[in-house]
Amino acid sequence: MVAPLPPRRPADLAPPAAPEPQKPAENGADKPAAGSACIARFEERGGVSLPIAAENTSGECGIEDPVSFRTVTMPDGSKVEFDSAITVRCAFALDIVDWVRDDLSPAAAAANSKLSRLVGVGGHACRPRNGAAGAPISEHASGNAMDLSGLVLQDNRSVMFNNNRDDGTSALREHVQKSACARFTTVLGPGSDSSHKDHLHLDMRRRKGNFKICQWATE
């Protein structure tokens, strides 16, 4: 006996709709959550983001989650400018912004002034340590380091880190040294070696046992 055929589909019953293609995420939401959260935190803390150059995001020395900036907005709305824009990884950018706002600004206030500019600033650079051929890759290559020569206060006083004279800024330099060594895992400055005789190198390199290096003679 032949089984009966199923009843015909009613003519007015539309076939099931195909699933709609997903729309691409907007406003950078397709970035990793950690990156989006970091950048949001960076801007919330006063960092002013700039466009990222393509060479900073790819290749052998590409930066993970990069941020480019040269301005930090302080809690009172004033601006601290860098003499050149730097590009670093976002987590390190947060360390820099927090250092400027929470450590350098109070140091300037203790010297009866306000922080105006950071000078001799450097960030991402695809090179070995100290530019020496055959040396291990620098933390600058991954956007995890910053160079800095000095500060300028709003009363036009310059606080240069290669200065060991008692010109009225020695207490401020000592304040900067203590705060830098507390916040960063590497601090190399005048007195450490010939490559850092006129500026600071700051980075957040991870070492076994959370070991830190702080080598900067302020006197």
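In which helix is confidence lowest, and in which strand is it highest? Within the chain of this predicted model, the lowest confidence falls in helix α1, residues 33–44, with a mean of 79. Strand β4, residues 115–119, holds the highest, at 98. Averaged over the chain, pLDDT is 83, and 78% of the residues score at least 70. Two stretches call for caution. Over residues 9–16, pLDDT stays under 50, and the model has three contacts there beyond four places in sequence. Over residues 18–35, pLDDT also stays under 50, with six contacts beyond four places in sequence.

The overall architecture comes next. The chain contains three helices and ten strands, and reading along the sequence gives the pattern α-β-β-β-α-β-β-β-β-α-β-β-β. Of its 219 residues, 42% count as buried. Among contacts in the chain with a separation of 6 or more, 59% are between residues 24 or more positions apart.

Part of this architecture is an open sheet of four strands, arranged in the order β5-β9-β8-β10 with mixed pairing. The edges are taken by β5 (145–148) and β10, each of which has a single partner strand, so one side of each is left without a neighbour in the sheet. From one strand to the next, the twist averages 15°. Strands of a sheet pair through backbone hydrogen bonds, in either a parallel or an antiparallel sense. Here β8 and β10 pair in the parallel sense over three bridges, and Thr 186 has Ile 213 of β10 as its bridge partner. Helix α2 lies across β5 and β9 (200–203), running at about 35° to β5.

The largest nonpolar core has 42 residues, of which Phe 69, Phe 82, Ile 96, Val 100, Leu 115, Leu 118 and Leu 151 touch the most other members. With eleven residues, α2 gives the most to this core. Phe 69 illustrates how such a residue is surrounded. Leaving aside neighbours within four places in sequence, Phe 69 is in contact with residues including Phe 42, Val 48, Leu 50, Phe 82, Ala 93, Ile 96 and Val 97. Ring pairs also link Phe 69 with Phe 42 and Phe 82 in a cluster.

The structure holds five of them. Trp 99 lies in helix α2 (residues 90–110), whereas Phe 184 lies in the loop between α3 (170–183) and β8 (186–188), so the pair ties together parts that are 85 residues apart in sequence. Both Trp 99 and Phe 184 are buried. Another edge-to-face pair consists of Phe 161 and Trp 216, with 5.2 Å centre to centre and 70° between the planes. Phe 161 belongs to the loop between β7 (158–160) and α3, and Trp 216 to the segment after β10 (213–215), so this pair ties together parts that are 55 residues apart in sequence. Phe 161 counts as buried because its relative accessibility is 1%, under the limit of 20%. Trp 216 is buried as well, with a relative accessible area of 5%.

Not counting residues up to four places away in sequence, His 140 touches Gly 122, Gly 123, His 124, Ala 125, Arg 127, Ala 145, Met 146, Asp 147 and His 201. The C-alpha atoms of His 140 and Cys 126 are separated by 6.8 Å, although the two residues are 14 residues apart along the chain.

Two further loop residues concern the backbone. Most residues other than glycine have a negative phi. Asn 156, however, has a positive phi of about 75° and is found in the loop between β6 (150–153) and β7. Asn 156 is exposed, with a relative accessible area of 66%. Asn 210 likewise has a positive phi, of about 55°, although it is not a glycine. Its place is the loop between β9 and β10, and Asn 210 is exposed, with a relative accessible area of 71%.

Methods:
Residues are numbered from 1 along each chain as its sequence is written. This is a predicted model: local features need pLDDT of at least 70, side-chain atom pairs count only at pLDDT 80 or more; totals for chains, interfaces and linings use all residues. Side-chain values use heavy atoms; hydrogens and water are left out. Rings of Phe, Tyr and Trp (its six-membered ring) pair if their centres lie within 6.5 Å; planes under 30 degrees apart count as stacked, over 60 as edge-to-face and the rest as tilted. Helices (H or I, at least four residues) and strands (E, at least two) are DSSP runs, numbered from the N terminus. Buried means under 20% relative accessible area, exposed over 50%, partly exposed in between (1.4 Å probe, protein chains only). Two strands pair if DSSP finds at least two bridges between them. Axes are lines fitted to C-alpha atoms, for helices over the stretch in contact, and angles run from 0 to 180 degrees between N-to-C directions. Contact means heavy atoms within 4.5 Å. A nonpolar core is a set of buried Ala, Val, Leu, Ile, Met, Phe, Trp, Tyr and Cys residues joined through side-chain atoms within 4.5 Å. pLDDT is the predictor's confidence in each residue, from 0 to 100.
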